[in-house]
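Keep the sequence and the 3D view open as you read.

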Amino acid sequence: MVNAFIGLGSNLDNPKGHVRQALEDLKQLPQSQLLLASKLYLSKPVGPQDQDDFVNAVVLLATELEPLALLDELQSIEQQHQRVRERHWGPRTLDLDLLLFADQTIRNSRLTVPHAELSRRDFVIGPLLELCPELVLPNGTPLQQLLQQCPIDGLICIEA
Ligand code: ROI
């Protein structure tokens, strides 16, 4: 079993409902156990501003799945939520991002881990810090250090 962190995001068609349902879906993943789920946060959109705010959360999963098998499972859950992606960095019903996988650095055509935008996204850093304040990234950077360049003041906690 290794630990993996997954980011959840939605800003279309009842975003809170999609995130809540996705939390339930993640509990059902094979060879995996959902260990921790963050609160739900409301965040300003990164990307085009003419879209609704996002609901975001992060979970910690213990899993026996290989990274690409886990990615397949996440994409299958996205499809179950009739994932629509109207335009690049535009609104979406459900995004599940594999943020961290153990202390691995992975780069292939399907997957970049740690997630390429992790250190620039308050809606990832905030919930990650809630779950694991002492987390250190595979490159040795403590998560707390990212707050200097990416403050999380804009995040609004909407639900425990
Ligand atoms: N912005 C916020 N606040 N939250 C997200 O989950 C999110 N996801 C995205 C883009 C469109 C980049 N912006 C986002 O994919």
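## Around the ligand

Let's start with Lys44: one of its backbone N or O atoms lies 2.7 Å from a nitrogen atom of the ligand. That's a polar contact, meaning a pair of N or O atoms within 3.5 Å; inside the protein, one atom must also be able to donate a hydrogen and the other to accept it, and residues adjacent in sequence count only if both atoms are side-chain atoms.

A word on the ground rules. This is a predicted model, so local features need pLDDT of at least 70 and side-chain atom pairs count only at pLDDT 80 or more, while totals for chains, interfaces and linings use all residues. Residues are numbered from 1 along each chain as its sequence is written, and side-chain values use heavy atoms, with hydrogens and water left out.

## The strands

Strand β1 covers residues 2–10, and seven of its nine residues are buried, so it is largely enclosed by the rest of the structure. Strands here are DSSP runs of E with at least two residues, helices are runs of H or I with at least four, and both are numbered from the N terminus. Buried means under 20% relative accessible area, exposed means over 50%, and partly exposed is in between (1.4 Å probe, protein chains only).

Which strands does β1 pair with? It runs antiparallel to β4 over nine bridges, and six bridges join it to β5, again in the antiparallel sense. Two strands pair if DSSP finds at least two bridges between them. For landmarks, look for Leu8 bridged to Ala57 in β4 and Ala4 bridged to Phe101 in β5.

## Thr63 and Gln31

Thr63 sits in β4 (residues 54–63) and counts as buried because its relative accessibility is 1%. Its side chain reaches the backbone oxygen of Gln31 at 3.5 Å. Beyond four places in sequence, Thr63 touches Met1, Val2, Ala4, Gln31, Ser32, Leu70 and Phe101, where a contact means heavy atoms within 4.5 Å.

Gln31 itself belongs to the loop between α1 (15–27) and β2 (32–37). With 46% relative accessibility, Gln31 counts as partly exposed. Its phi is near 50°, a positive value in a residue other than glycine.

Most residues other than glycine have a negative phi, and most peptide bonds are trans. Trp89 is another non-glycine residue with a positive phi, about 55°. You'll find Trp89 in the loop between α2 (67–80) and β5 (95–101), partly exposed at 35% relative accessible area. The charged end of Arg121 sits over the Trp89 ring, 5.6 Å from its centre. That label requires NZ of Lys or CZ of Arg within 6 Å of the ring centre and within 35 degrees of the ring normal.

As for the peptide bonds, Val113 and Pro114 are joined by a cis one, with omega about -5°. Pro114 lies in the loop between β7 (112–113) and α3 (122–131).

How many of the ten residues of α3 are buried? Nine are, so the helix is largely enclosed by the rest of the structure. Among them are Phe123, Ile125 and Leu128. The buried residues of α3 pack against β1, β2, β3 (40–43), β4 and β5.

Cys150 is in the loop between α3 and β8 (156–159) and is buried, at 8% relative accessibility. Leaving out residues up to four places away in sequence, Cys150 touches Ser119, Arg120, Arg121, Asp122 and Ile125. Cys150 and Arg120 are 30 residues apart along the chain, yet their C-alpha atoms are separated by 6.0 Å.
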